[in-house]
Amino acid sequence: MPKLSAGLLLFRDHDGVLEVLLGHPGGPFWARKDDGAWSIPKGEYVDGEDPWAAAQREFAEEIGKPVPAGPRIDFEPVRQPGGKLVTAFAVRGDLDPEGAVSNTFTLEWPRGSGTFKEFPELDRVAWFDLETARTKLLKGQLPLLDRLEEAVRADRSETPREE
C-alpha cells in the first residue's frame, strides 16, 4: 500500500493572472534547491481518514493559518515518483504569506553526528503565477497545475457575463 498524502492548492486571480501558493521544504537537504523543489502544503494521512480533513490540517500546520473559506475543487490523486499517492484539493482564496509559521521536524544533522536539530516543514511560502510555478513545483505535482487551469477555465465558461 503506498503512503497517502493530502494537500491543498490555494489559488487566486491577481490582476487577471492566476497564481498559486507554494511552500519550500525546510531542512538541510532542500536548503540549496529551488527549481523543482517547492510543494503544495500537504502531509501524510492514514487509510480511512478523510483526505479533505487531512489536507486542511496539514495546510494549517505548514502555513500556520487556516484554509481560507471558499468552495473546493477535488482533484484525482497523483502518484509522485517515489510512489506516494497525493490527494489534492484546490480552494480559491487569498492569504498573506508574511508571518507564515510552519510546524517543525527533528533531524540528526550533520548525519551521524549525534546532534539533533529542529527544522521547519516549510521554510518559506510564496505566490507564483502558473508559468513560474511550473518551474518551482516538484515534478510529481505538476499535473495539479494543469487540472487547476482546466477547472478555472471551465468555471469561467460557465459563469454568466454581464453585457
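1. First, the ground rules. This is a predicted model, in which local features need pLDDT of at least 70 and side-chain atom pairs count only at pLDDT 80 or more, while totals for chains, interfaces and linings use all residues. Residues are numbered from 1 along each chain as its sequence is written, and side-chain values use heavy atoms, with hydrogens and water left out.

2. On to the pocket. The largest pocket holds about 400 Å³ of space. A pocket here is an open set of points on a 1 Å grid over the protein atoms alone, with protein on both sides within 12 Å along at least five of seven lines; lining residues have an atom within 4 Å of a point. Grid points are joined across faces, edges and corners, and the volume is the space filled by probe spheres set on them.

3. Who lines it? The largest pocket has 22 lining residues, and Pro25, Trp30, Lys42, Glu62 and Glu121 lie nearest its centre. At least two lining residues come from each of strand E3 (42-45), helix H1 (51-63) and strand E7 (104-108), and E3 gives the most, with 3 residues. Helices (H or I, at least four residues) and strands (E, at least two) are DSSP runs, numbered from the N terminus.

4. Now the charges. The count comes to 13 salt bridges, each being a side-chain nitrogen of Lys or Arg within 4 Å of a carboxyl oxygen of Asp or Glu. One of them joins Lys136 to Asp34, with the closest N and O atoms 2.2 Å apart. This pair links distant parts of the chain, 102 residues apart: Lys136 sits in helix H2 (residues 130-136), and Asp34 in the loop between strand E2 (17-25) and E3.

5. Lys136 is buried, at 13% relative accessibility, whereas Asp34 is partly exposed at 27%. (Buried means under 20% relative accessible area, exposed over 50%, partly exposed in between, with a 1.4 Å probe and protein chains only.) Both residues belong to a network of salt bridges that also includes Asp35, Asp123 and Arg124.

6. Two further pairs. Asp146 and Arg134 meet at 2.9 Å, N to O, linking helix H3 (residues 142-158) to helix H2 across 12 residues. Asp146 is partly exposed at 35%, and Arg134 is partly exposed at 31%. Glu58 and Arg57 pair at 3.2 Å; Glu58 is buried at 9%, while Arg57 is partly exposed at 30%.

Conventions
1 Å grid on protein atoms, 1.4 Å probe; cavity = no way out; pocket = protein on both sides within 12 Å on 5 of 7 lines; lining within 4 Å.
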